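The sequence and structure come first.

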Amino acid sequence: MIRVIIVGFLVATSFGAKASCVILLHGLLRTPVSMTQLENALTQEGYTTVNLGYPSRHHHIEELANLAIRPALEKCAANSDINFVTHSLGGILVRQYLRDNTIPKLHRVVMLGPPNRGSEVVDSLGDVYGFEWINGHAGLQLGTARSSVPNQLGDVHFDLGVIAGNRSINWILSSIIPGEDDGKVSVENTKVDGMNNHIVLPVNHAMMMDDADVIENVISYLRNGTWSQQP
């Protein structure tokens, strides 16, 4: 009897992993390594994970969306529900992709520190010598103007939970940003019309994906559509 139960559990776990795929998308100037801790936690929860890199500095957002997302979707099993967990620019790539494409089995999306309404850092420093060389074309597209890419993408029409941070390790950049911020993006500018849920945690932009509370809330949202702690 015990052996039957164990075998049944293993089969169920295997099936669950195949049936729910999580695509992780890193942010600007980062690599898949930055999402490794989240990837490991999701794998332990039984999800199939896809954590691929993309050349964030070398293309515009419109091109990066396809370069990052199409190969990742091909790695998910054909019968899988599709989820995304993104950091920063990765969230904008999902919005860009879904403006022009449909993912039939899209389940849930969690964005960490997304500049959904742009960042004042780009407004202030975008014209500074070297900014584009460091941050690439995509970096320049993340301002707060109405013409910026994030502000041209419109409302979201999928199940989205957003985790914002309100701690900063860069007081210089934070001095540019009004209100609470994570050192790169204001709490207010992480929001987007149509999102289902939003929470603010005491984390900074650069390392929020490694924070234990962030990871716990990501897993809770993917599983239940709610946070593990109430805002």
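## Helix H9

In this predicted model, the buried residues of helix H9 are Val214, Ile215, Asn217, Val218, Ile219, Ser220, Tyr221 and Leu222. Cover for these buried residues comes from elements that include strands S1 (20-25), S3 (81-87), S4 (106-112), S5 (160-165) and S6 (197-201), together with helix H2 (36-44).

Helix H9 runs over residues 212-224, and its 13 residues should span 18 Å at 1.5 Å a residue.

## Overall fold

The protein chain has nine helices and six strands. Its radius of gyration is 18 Å, close to the 17 Å that the globule rule gives for 231 residues, so the chain is as compact as a globular protein of that length. Along the principal axes, the C-alpha atoms fill a box of roughly 70 × 35 × 30 Å.

Of the 231 residues in the chain, 51% are buried. Among contacts with a separation of 6 or more, 74% are between residues 24 or more positions apart.

## Surface

The chain has an accessible surface of about 11100 Å², and carbon and sulfur atoms account for 55% of this area. A nonpolar patch on the surface is formed by Leu29, Trp133 and Ile134, which together have about 360 Å² of accessible area.

Trp133 lies in helix H6 (residues 131-140). Its relative accessibility is 68%, and Trp133 therefore counts as exposed, the cut-off being over 50%.

Notes
Residues numbered from 1 in each chain as written. Predicted model: local features only at pLDDT ≥ 70, side-chain atom pairs only at ≥ 80, totals over all residues. Heavy atoms only, no water. Patch = residues over 30% accessible without salt bridge, like charges linked within 9 Å, V, L, I, M, F, W, Y side chains within 5 Å. Areas by Shrake-Rupley, 256 points an atom, 1.4 Å probe, with all protein chains shown as cover. Salt bridge = Lys/Arg side-chain N within 4 Å of Asp/Glu carboxyl O. Helix = DSSP H or I, 4+ residues; strand = E, 2+ residues; numbered from the N terminus. Buried < 20%, exposed > 50% of the residue type's maximum accessible area, 1.4 Å probe, protein only. Rg over C-alpha atoms; globule rule 2.2 N^0.38 Å. Contact = heavy atoms within 4.5 Å. Expected span 1.5 Å × (residues − 1).
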